[in-house]
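Open the model in your viewer and keep the selection panel at hand. This tour goes from one stop to the next.

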Amino acid sequence: MNNTWFLYMFFVAVLLFTGIYCLLAMRNLIKLFIGIGVIGKAVSLALIATGLAKNNVLAAQSLVITYIVVEVSLVAVALALIINIYRKTKSLDVRKLAKLKG
Amino acid sequence: MVLQILLLFGLVFFSVLAILIKDLLKAAISLAFASLLLGIIFFRMNSPYAGVFEISVVAGLITVLFMLTIALTKGGDAVESKTASFAFPAFFVIFIIIDALVMKKLLQKVPALPGPEVGGTIGQVLWKARTLDLVCQIAIIFAGVFAVLALFRKGGNKDE
């Protein structure tokens with residue numbers, strides 16, 4: 001692996017840290033999904049950088065395209081769930097979700 | 001390479017901004033900017049198809065979905081703890097220092113597996129080598145459509 005790959009991996013790690021910090025520290029459900037989006041960007045960047053370093057960028061591209069399609073489905077379902085949660089509880093706070101009973 | 005590094009710094013900057021900004025609408029727009037920069041990075045890494053998908057789908061469609069949700073829920077009433085926002089820069093700097101010192105040595109210990117050389121065009125790779133992925137994508141899209149339909153069906157909820 002060449003030095004460029006290590007540079008890309010450095011930025012991938014920084015993006016992953018940012019996303020995971022958001023998932024751990026934030027309380028708003030929409031903010032949590034923004035964190036998941038940031039982690040997704042790190043994963044796609046890692047895939048393309050590794051494909052480029054191993055001279056196999058076509059396979060990496062097809063994996064990234066698959067990932068993006070899956071991400072769209074994930075975000076659509078998750079945001080529909082968030083809207084339903086808001087209608088039920090009038091809140092987007094994850095701490096209040098933990099207190100729900102019955 | 002200098003431009004590529006600047007783009008990567010921009011990607012990290014807008015991602016951090018998306019997490020730290022309190023206004024959710026501005027956060028969604030920063031995430032779209034980050035996607036745009038990632039798409040340009042993909043273009044410069046000889047991956048035009050991934051770049052097109054990243055810009056059109058992630059920067060376009062997902063941002064619209066986020067904005068729609070923020071408009072429908074009015075942003076919610078969740079108050080972020082101030083410690084989380086204030087502690088982030090300290091953790092971030094510590095992580096960057098650890099990353100710069102340790103990551104390269106850690107990654108060099110991971111053995112590089114030999115991968116098969118895939119030739120041809122993106123169409124051949126996507127439709128012939130990765131057909132199973134495409135079938136699974138279709139299944140996931142249908143699952144997503146049915147899940148959204150089930151979540152928004154009318155008259156199904158008797159509690160309200």
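A nonpolar core here means a set of buried Ala, Val, Leu, Ile, Met, Phe, Trp, Tyr and Cys residues joined through C-beta atoms within 7 Å. Keep in mind that this is a predicted model.

**Stop 1: the core.** Select A:Val12, A:Ile30, A:Ile34, A:Leu45 and A:Ile48. Within the largest nonpolar core, which has 64 residues, these five touch the most other members. Now colour by helix. At least two core residues come from each of α1, α2 (29-53) and α3 (57-89) of chain A, and likewise from each of α1, α2 (24-44), α3 (48-73) and α5 (122-129) of chain B. The largest share, 13 residues, is supplied by α3(A).

**Stop 2: A:Ile30.** Centre on A:Ile30. Which residues does A:Ile30 touch, not counting those up to four places away in sequence? In chain A they are A:Ile82 and A:Leu92. In chain B they are B:Leu24, B:Phe66, B:Thr69, B:Ile70 and B:Gly76.

**Stop 3: helix α1 of chain A.** Select residues 3-25 of chain A. At 1.5 Å a residue, these 23 residues should span 33 Å, and the end C-alpha atoms are 33 Å apart, so the two agree. Buried residues of α1(A) include A:Tyr8, A:Phe11, A:Val12, A:Phe17 and A:Cys22. Show what covers them: the cover includes α2 of chain A, together with α1 (2-20) and α4 of chain B.

**Stop 4: B:Met103.** Move to α4 of chain B, residues 82-109, and pick B:Met103. Is B:Met103 buried or partly exposed? B:Met103 counts as partly exposed, because it has 16 C-beta neighbours inside 10 Å. Leaving aside neighbours within four places in sequence, B:Met103 is in contact with A:Met9, A:Phe10 and A:Ala13. Of these, A:Met9 and A:Ala13 are among the buried residues of α1(A).

Definitions and conventions: Residues numbered from 1 in each chain as written. Chains lettered and ligands numbered in written order. Predicted model: local features only at pLDDT ≥ 70, side-chain atom pairs only at ≥ 80, totals over all residues. Helix = DSSP H or I, 4+ residues; strand = E, 2+ residues; numbered from the N terminus. Buried ≥ 20, exposed ≤ 12 C-beta atoms within 10 Å, placed from the backbone. Contact = placed C-beta atoms within 7 Å. Expected span 1.5 Å × (residues − 1).
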